[in-house]
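Please open the structure in your viewer and keep the selection tool at hand. The tour goes from the whole chain to single residues.

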Amino acid sequence: MSTPDPIKRKPLKVTINGEQQPVEQVPDELMMLDYLNEYRNLTGTRFGCGIGLCRACTVIVDSPDGHSEEIRTCITGAHYFNGKSIRTVEGHAERDDRGEVVSLSEVQQQFLNHFSFQCSYCAPGFVNAATVLIERLQRDPVPRSQLEDTISQALESHLCRCTGYVRYYQAVRDAVLATSGTTVEG
Ligand code: FES
Ligand code: FES
């Protein structure tokens, strides 16, 4: 006779990087970070502090109205994302039919150009934060004179233990300036 499963589960339906994932019975208490790493094998979303401070675990949640926001998956339960559409770091590059990366996003390419990271543990969070920022600026551009401050505000909560942040910030500035419609004169 089988023993009853003591863990409470319920179905989770989530779209990740544009693909509807199979609906699975997922423990009530499971954090989204563990769902991504263990159920979906999407290990680019990183466990850093585990208490909401470093933002290595950030993903993007896309709303139907076109707005996006960053969410920390180490402190947010998987079921919060039920019915939602998210992007992880694996979803930014362009891939061919075999799933091989054929070109990086502007943000990813600028991070490489600027040698922005060392161990890269924080990089997925920075990629997602910078991407949310650039998409916001495309909807609502800022005067060029306010760009550095805007970037600082967007990235300042993301922690990196290896670098001095300068190359990340420079890379994001170049990614913004390479994206049309993100700034206005002034
Ligand atoms: S691992 Fe989530 S905020 Fe640090
Ligand atoms: S590059 Fe190592 S934590 Fe940022």
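What follows is a series of selections, each with a short note on what is there.

**Before you start**

This is a predicted model, in which local features need pLDDT of at least 70 and side-chain atom pairs count only at pLDDT 80 or more, while totals for chains, interfaces and linings use all residues. Residues are numbered from 1 along each chain as its sequence is written, chains are lettered from A and ligands numbered from 1 in the order in which they are written, and side-chain values use heavy atoms, with hydrogens and water left out.

**The whole chain**

Begin with the cartoon view of the chain, where five helices and eleven strands can be traced; helices (H or I, at least four residues) and strands (E, at least two) are DSSP runs, numbered from the N terminus. The chain is as compact as a globular protein of its length, because its radius of gyration of 18 Å is close to the 16 Å that the globule rule gives for 186 residues. That radius is taken over C-alpha atoms, and the globule rule is 2.2 Å times the number of residues to the power 0.38. Along the principal axes, the C-alpha atoms fill a box of roughly 70 × 35 × 30 Å.

Of the 186 residues, 42% are buried, where buried means under 20% relative accessible area, exposed means over 50%, and partly exposed lies in between (1.4 Å probe, protein chains only). If you display contacts (heavy atoms within 4.5 Å), note that among those with a separation of 6 or more, 60% are between residues 24 or more positions apart.

Select residues 32-39, which form helix 1, and colour its buried residues, namely Met32, Leu33, Tyr35, Leu36 and Asn37. Which strands do the buried residues of helix 1 pack against? They pack against strand 1 (9-12), strand 2 (15-16), strand 4 (24-27), strand 5 (58-62) and strand 7 (85-87).

Stay in strand 2 for a moment and pick threonine 15, which counts as buried because its relative accessibility is 18%. Leaving aside neighbours within four places in sequence, threonine 15 is in contact with Gln20, Lys84, Ser85 and Ile86.

Next, move to the loop between helix 1 and strand 5, where asparagine 41 is placed. Most residues other than glycine have a negative phi. Asparagine 41, although not a glycine, has a positive phi of about 55°, and its 60% relative accessibility is why it counts as exposed. Arginine 55 is found in the loop between helix 1 and strand 5, and this residue, which is not a glycine, has a positive phi of about 75°. With a relative accessible area of 22%, arginine 55 is partly exposed.

**Strand 6**

Select residues 68-72, the span of strand 6, and centre on arginine 72, which is partly exposed at a relative accessible area of 26%. Beyond neighbours within four places in sequence, arginine 72 is in contact with Gly52, Arg55, Cys57 and Thr58.

Glutamate 70 lies in strand 6 and is partly exposed, with a relative accessible area of 26%. Not counting residues up to four places away in sequence, glutamate 70 touches Thr58, Val59, Ala129, Val132, Ala154 and His158. Draw a distance from its C-alpha atom to that of leucine 133, which is 63 residues apart from it along the chain, and the separation is 9.9 Å.

**Helix 5**

Go to residues 166-177, which make up helix 5, and pick arginine 167, which counts as partly exposed because its relative accessibility is 46%. Apart from neighbours within four places in sequence, arginine 167 is in contact with His114, Phe115 and Ser116.

**Cysteines**

How many disulfides does the structure hold? It holds zero disulfides, a disulfide being a pair of cysteine sulfur atoms within 2.5 Å. Finish by selecting cysteine 57, which is buried with a relative accessible area of 3%, and cysteine 122, which is buried with a relative accessible area of 8%.
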